[in-house]
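Good morning, colleagues. Please look at the sequence and the model as they come up, and I will then go through several of the features.

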Amino acid sequence: MRSNKLARRAGLGCALVCLTTAGANAATGGGLVPALVSETSLTTLSHSRPDALASATDQGALAANHPLQHLQLALKRPADRQAALDALVLAQTTKGSSAYHAWLTPAQLRDQYGPAASDIAATEKWMQSHGLTVNSVSPTGMSIDFSGTAATVGAAFHTTLHSYSRNGLQHFAASGDQSFPSALSPVVSGAVLSNFFPHPLLQAARKPTAAKLAGAKVTKVGTSYTMAVGGTTYYAVTPADFHTIYDENVLFNGSSVVGKVTGAGVTVAVAEQTDIRAADVQSFRSQFGLSSYKGTLQLTHPGGCEDPGFTGDEGEAALDAEWSGAVAPDATIIEASCSSSETGFGVMTALQNLIEGGTTASAISVSYGGSEVGNGIVFLTEWSNLVEEGAAEGISIFVSTGDGAADIADTGATLGTSGVNVNGLASNVYDTAVGGTDFGDTVEGLNGYFWSASNSTTGGSANSYVPEIPWDNSCGSYVNWAGARAAGPLQNCNNPQTTASYQNVVGGSGGQSLLFAKPSWQSTKLPGMPNDGARDLPDISLFASNGQWNHFYLECMSDTAEGGVPCTYTNPTNFFGSAFGGTSFAAPDFAGIAALVAQLYGKVGNMAPALYQIGQIQYTNSRLVQQCQTTSFPANPLCVFHNVAVGDNSVACQAGTPNCYTNALSTKGIGVTSTSTSTLSPAFSAGVGYNLATGLGSVDIPQLLLNF
């Protein structure tokens, strides 16, 4: 594993690394910051300088008068209040606890668990003494919105703000770790002084070359949702297919033990930074047989935030709204969008305004990601604070683990260079991290068994549950090559005949947090759970492939100005132009599942602890393990989880970089991600029980509802 791990803070109550050496141990009601803050002693925050700067080009200091509007100062609670809140959040999901499902309001979070008002006031006064403008304090008292110039901000935090270029985009960041008076350390976590913000986790489908499409006759099999091009048949996953594969139909027709469950009366929010077209969502629902349900769409800018308009993220937001509503067709879907800016991540603004504004949503989906400290540790602190607040309010928050397999920092690159790392938005202990799988039928030559040669009127062609493998597009995966396991992936990645499309860092992400300690609900008694002391990802997975084995999702996004196509699916251009994959789908899918849970049980808060409790029962019962691994499909109804036991999410990497295994077969200087550099140990392999490639596996939805 990487040798530059940050120290993990132990226990759920102290999940984030210590940002300062000073603690806050005063009584709950008292202030911890003196009215007059001395500058004689400073605290420097390690890792507040973004890790992304390692691959960025420094273009020099920002002009002194460069305006920086609406920066964020992340605050923290006194230690006793933080410990109390952490204990409460765990108790809220523990059956038999007096706090079970006793959710808080934003006002209660502020009054009972927020920083003391006198500490916030002292912090504001210090900021103003440095020429900074305090715009507002968040409703729960956990952040301060402020503005200044590059000069005043840099002086206040004892650093210099520079302009950087990275991957063709412009950014700004503090050139060194920030410092502030030690007297403020009991209440201040630090300022977010960079904008290497997370990106949407949407992957265009792998599709035939333009030459093949131009020269081949495309034959529709059944309806237009399955297409044959030359000798390859592409089976797109439609809502009807999802309902069959994950066993939802018995819920919709009321024949399940738990009755009819469609998400009625429940609200799901998707946090975005772009507008979408309601007509696209309506078209999606109409074409895929969802119009008869009563689910509605609300387009909102929570808290009165600035309307972002239509941006390049429109495809991401459209699928989030469409697919969460496809899984819970009677639910209300809120597309909550706020504008991004030079200093602000619109998705975080939307999430904050939903949570601190008292949203009615039972579940929130987030389909963005970036490496854990890519934007610096303070950004991660603020995000973690928000997600914990959501959990305390009873909101189930689902975050995509990412599309970079074991190396999310290098997602989409030809070769990985950063070593194993995880999505920082998903790695806290207050959300449910959702990974991605692929279907294994094509690998085994069983398309005809699991898929019908004709489609239903709603586009369905799946016959049953389809066996899953980790989603991995790379030559580094042993599923993607033929030969002896000890040499196969290295031979494949270094073979001159291997096309560049297979030398990539694309697949469902998982791995170990460098920052967050293992929560109590990730018990090492669970088969497969690493005894690593780390928060492990993912928790759960669903299908997310973008076509490695000829399966992908369809969405509807017709805005040609943002890369959309007509949602007709009647020709190759429109069909493949609407074909995508990514854990971007898996997170809203699971938010839709959470809506079904909420219809039966009400708000349930962070769903992860309950999932692991169910997993403990299934995976420690030898009879169930055997039955759930059967090759007879559909899966045994006693199984809640579809265990993914074959495959890995290892990817191609540059020789000499962290976690990159090479040997004499690495003739082109290409290795594969591995937990060992002396022997090939793919990072990470699937296996019985929990694994770092797919978590607990995917789910049989009715069985999950029955056992929740």
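This is a predicted model: local features need pLDDT of at least 70, side-chain atom pairs count only at pLDDT 80 or more; totals for chains, interfaces and linings use all residues.

Leaving aside neighbours within four places in sequence, Phe585 is in contact with Leu202, Leu319, Trp323, Tyr553 and Phe580, where contact means heavy atoms within 4.5 Å. Phe585 is found in helix 15; helices (H or I, at least four residues) and strands (E, at least two) are DSSP runs, numbered from the N terminus. With a relative accessible area of 0%, Phe585 is buried. Buried means under 20% relative accessible area, exposed over 50%, and partly exposed in between, using a 1.4 Å probe and protein chains only. The C-alpha atoms of Phe585 and Glu555 are separated by 9.9 Å, and these residues lie 30 places apart along the chain.

Residues are numbered from 1 along each chain as its sequence is written, and side-chain values use heavy atoms, with hydrogens and water left out.

Asp589 also has its place in helix 15, which covers residues 583–601. Not counting residues up to four places away in sequence, Asp589 touches Phe242, Trp323, Val327, Leu542 and Tyr553. A salt bridge is a side-chain nitrogen of Lys or Arg within 4 Å of a carboxyl oxygen of Asp or Glu.

That brings me to the salt bridges, of which the structure holds nine. In one of them, the side chains of Arg77 and Glu388 meet at 3.9 Å, N to O. Arg77 lies in the loop between strand 3 (67–75) and helix 1 (79–91), and Glu388 in helix 11, so the pair ties together parts that are 311 residues apart in sequence. Arg77 is buried, with a relative accessible area of 4%, and Glu388 is buried as well, at 1%.

Another salt bridge joins Asp559 and Arg277, with the closest N and O atoms 2.9 Å apart. Because Asp559 lies in the loop between strand 26 (551–554) and helix 14 (572–577), and Arg277 in the loop between strand 15 (267–272) and helix 8 (278–287), this pair ties together parts that are 282 residues apart in sequence. Asp559 counts as buried at 7% relative accessibility, whereas Arg277 counts as partly exposed at 28%.

Asp539 forms a salt bridge with Arg535, and here the closest N and O atoms are 2.7 Å apart. Asp539 counts as buried at 0% relative accessibility, and Arg535 likewise counts as buried at 0%. Salt bridges that share partners also join Arg77, Glu388 and Glu389 into one network.

Next, helix 10. Why is helix 10 largely enclosed by the rest of the structure? Nine of the 11 residues of this helix (residues 346–356) are buried, so the rest of the structure largely encloses it. Among the buried residues are Val347, Leu351, Gln352 and Glu356. Helix 10 is followed by Gly358, whose phi is positive, near 75°.

On a 1 Å grid over the protein atoms alone, a cavity is a set of points where a 1.4 Å probe fits but cannot get out, and a pocket is an open set with protein on both sides within 12 Å along at least five of seven lines; lining residues have an atom within 4 Å of a point. Grid points are joined across faces, edges and corners, and a volume is the space filled by probe spheres set on the points.

The structure holds four cavities of 30 Å³ or more, and the largest cavity contains about 50 Å³ of space. Its lining includes Gln352, Glu356, Glu382 and Glu389. Helix 11 (377–392) and helix 10 each supply at least two residues of that lining.

The largest pocket holds about 1200 Å³ of space. Of the 45 residues that line this pocket, the closest to its centre are Ala52, Arg166, Phe196, Ser371 and Ala409. Strand 7 gives the largest share of the pocket lining, three residues.
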